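The following report goes through a single protein chain, from its overall make-up to the surroundings of individual residues. Please read it alongside the sequence and the model.

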Amino acid sequence: MLIVCSLGDNNNSAPPKGVTPILVGGAVLSIGLSFGTSCGYAINPARDFAPRLATALLGYDDVFIADNYYFWIPIVGPIIGAILGAVTYLVFIEQPGISCIGQKGSDLDPSDIVSNGASEIELEKTAA
């Protein structure tokens with residue numbers, strides 16, 4: 001998530017056009033190669049839950065209770081990890097004072113934030 005946030009941040013230098021999907025794919029591949037053997041490449045909740053659900057519907061036992069109820073880890077883990085990654089990026093890496101959730105210490109109203117980010121709002125308010 002840190003890589004996705006940094007690639008989508010308007011304050012960073014953008015990679016050449018068409019390279020962003022390759023970089024995101026490389027990040028996913030590197031995470032999968034480093035944790036795939038021990039965790040079963042649990043990076044997408046649907047990739048783990050759908051086969052388990054289909055297996056349970058086909059009548060197999062112990063689908064959801066195998067390995068001490070491990071089934072919920074690949075569902076909850078990536079969601080919590082994405083949230084923590086985005087918050088980490090916002091707090092520690094993104095330009096101080098400018099945030100996609102508003103500017104700290106400013107009179108910005110959350111309703112002022114548009115899809116292009118708070119940096120354009122800041123420029124408009126300073127120009128006025």
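## Burial and overall make-up

Of the 128 residues of the protein, 17% count as buried, where buried means under 20% relative accessible area, exposed means over 50%, and partly exposed covers what lies in between, with a 1.4 Å probe and protein chains only. The model is a predicted one, in which local features need pLDDT of at least 70 and side-chain atom pairs count only at pLDDT 80 or more, whereas totals for chains, interfaces and linings use all residues. Residues are numbered from 1 along each chain as its sequence is written, and side-chain values use heavy atoms, with hydrogens and water left out.

Among contacts (heavy atoms within 4.5 Å) with a separation of 6 or more, 38% are between residues 24 or more positions apart.

## Confidence

The mean pLDDT, the predictor's confidence in each residue on a scale from 0 to 100, is 75 for the protein, and 72% of its residues reach 70 or more. Confidence is highest in helix α5, at a mean of 86, and lowest in helix α6 (residues 118–127), at 51.

Over residues 101–108 the pLDDT stays under 50, and the model has 12 contacts for this stretch beyond four places in sequence. Residues 112–118 are also below 50, with 10 contacts in the model beyond near neighbours in sequence.

## The packing of α3 and α5

Helix α3 (residues 45–57) packs against helix α5 (residues 73–93) at an angle of about 165°, and their axes are 8 Å apart. Axes here are lines fitted to C-alpha atoms, for helices over the stretch in contact, and angles run from 0 to 180 degrees between N-to-C directions. The two helices are therefore roughly antiparallel, a term for angles over 145 degrees, while those under 35 count as roughly parallel, 65 to 115 as roughly perpendicular and the rest as oblique.

On the α3 side the contact is made by Pro45, Asp48 and Phe49, which meet Pro74, Ile75, Pro78 and Ile79 of α5. These residues divide into six nonpolar, no polar and one charged, with Ala, Val, Leu, Ile, Met, Phe, Trp, Tyr, Cys and Pro counted as nonpolar, Asp, Glu, Lys and Arg as charged, and the others, Gly among them, as polar.

## Individual residues

Arginine 52 lies in helix α3 and is buried, with a relative accessible area of 18%; leaving aside neighbours within four places in sequence, arginine 52 is in contact with Val63, Phe64, Tyr70 and Phe71. Threonine 55, also found in α3, is partly exposed at 28% relative accessibility, and beyond its neighbours within four places in sequence it is in contact with Tyr60 and Val63. In helix α2 (residues 20–39) there is threonine 20, which touches Leu7 and Pro15 when residues up to four places away in sequence are not counted.

Aspartate 62 is found in the loop between α3 and α4 (66–69), whereas tyrosine 69 has its place in helix α4 and is partly exposed, with a relative accessible area of 47%.

Methods: Helix = DSSP H or I, 4+ residues; strand = E, 2+ residues; numbered from the N terminus.
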